[in-house]
Amino acid sequence: MLAIVPSLNKFFLVEAGKAIPMYVTSEIETLENRVTNSPRQLVLLLTNNCNLACQYCYEFSMSRESGVMPLNLIDSAIEQLFNESAKENRKSVKLTLFGGEPTLAWDRLLYSVNKARELELIHSIPLRISLVTNGVTKRDFSLVLESIDHFTISIDGPPEIQNKLRPIKDGSHSSGILARTIGLLFSKVPKKLTFRITLTPDTLNHFAEIADYLFRLYPGIPQSYEPIMPTTRLEETVAVQTFFDTFLQLVRKYSPLKQIIHTSLFSLTPSMSFCGMERRTVVFPNGELSGCHRVNAENADDPVLRYFGYGAMTNGSNASNQDGISNAREATLTGKLGQACEECFAKYYCRGGCPALKLGLGGTPFQRHPWCNSIRHFYIEYFLRKLADS
């Protein structure tokens with residue numbers, strides 16, 4: 001019998017009907033405690049503006065006004081992050097700078113970093129700052145190499161793929177500028193760098209080729225692969241089984257060196273929470289609050305905003321929507337999912353799937369993952385191969 005111990009991220013072959021040995025179970029830290037002790041997260045969408053015209057971008061289906069986040073909103077959001085974390089005795093906090101393309105609001109980016117570091121000293125709560133960027137910028141990243149702890153760069157592969165899927169809005173190529181940005185980060189702060197790669201129906205056929213290309217140029221840099229969302233401008237979605245088969249091959253190829261290959265669809269590390277939305281606040285330039293960034297904050301009928309909207313932050317105060325906060329907690333914690341998920345051996349790895357994706361497809365956050373069967377088959381093969389390899 002295959003026995004899985006999620007909180008240890010280990011699995012064992014044991015005789016059917018026999019209990020897992022005490023020397024194993026006595027060391028288990030509950031997954032509930034990991035969620036409770038996790039840091040609060042704040043995501044600032046510093047601007048709605050972007051300089052690229054990505055073929056698959058879900059934001060192209062949204063009508064948003066251009067704009068940047070006011071300084072007083074940045075102040076209020078970061079102050080609230082630290083004040084609430086202090087009340088809850090959190091051991092650390094996280095701040096993510098996002099967009100749009102956040103480097104287009106460079107002054108807001110620098111202001112946010114300085115403000116957060118100032119409050120870190122005042123409250124004595126360790127802070128981790130992340131920047132999510134397309135990297136197509138001529139801004140001087142050397143100014144933030146020390147003050148920002150992690151950089152996620154969106155890159156879809158070799159120049160011919162990058163330039164086709166992620167052109168600059170004027171139609172010119174993005175790969176050259178992007179290569180200079182990555183070159184700086186890789187040479188100066190490689191341990192702070194992660195790549196995010198979006199896979200389309202066309203590029204799925206080049207999945208392994210893209211991984212090999214990035215690993216050859218930038219060895220050791222983690223790669224996170226995300227199939228396009230069904231709500232994007234591309235009508236097709238990726239071939240699910242092909243994605244899982246290739247993903248497993250790449251995990252086997254690169255994981256012995258380091259955990260290089262990732263995806264947000266599921267995790268190789270167990271957790272009770274899909275994405276941490278229950279402890280995250282996303283602030284939009286207009287002051288709207290949500291647990292998820294995949295919303296149109298200027299459309300009151302957006303299904304994700306309706307369900308996971310936290311209210312609005314105006315004039316330094318937070319008009320909170322307790323229903324949205326409760327919904328975020330119930331929809332993302334594994335223990336709140338339905339019976340089908342509760343009885344599934346892979347529930348702490350799949351974690352029910354993305355609630356926003358399920359809402360966008362016209363379902364509910366509590367239904368099974370749209371790719372449930374493929375995920376289950378993936379983990380059976382993954383667990384057995386791990387045992388065989390060991």
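User: How many residues of strand E8 are buried?

Analyst: Buried means under 20% relative accessible area, with exposed over 50% and partly exposed in between (1.4 Å probe, protein chains only). Strands (E, at least two residues) and helices (H or I, at least four) are DSSP runs, numbered from the N terminus. In E8, five of five residues are buried, and the strand is mostly covered. This is a predicted model: local features need pLDDT of at least 70, side-chain atom pairs count only at pLDDT 80 or more, and totals for chains, interfaces and linings use all residues. Residues are numbered from 1 along each chain as its sequence is written, and side-chain values use heavy atoms, leaving out hydrogens and water.

User: Which way do the residues of E8 point?

Analyst: Gln 223, Tyr 225 and Pro 227 point one way, while Ser 224 and Glu 226 point the other way.

User: Which strands does E8 pair with?

Analyst: Two strands pair if DSSP finds at least two bridges between them. E8 pairs with E7 in the parallel sense over five bridges, and Glu 226 is the bridge partner of Thr 198. Two bridges also join E8 to strand E9 (residues 261-262), again running parallel; here Ser 224 stands opposite His 262.

User: Where do the buried residues of helix H7 lie?

Analyst: In H7 (residues 207-217), the buried residues are Phe 207, Ile 210, Ala 211, Tyr 213 and Leu 214. Seen down the axis of H7, they fall within an arc of 160 degrees, so they line one face of the helix. The arc is that of the directions from the helix axis to the C-beta atoms.
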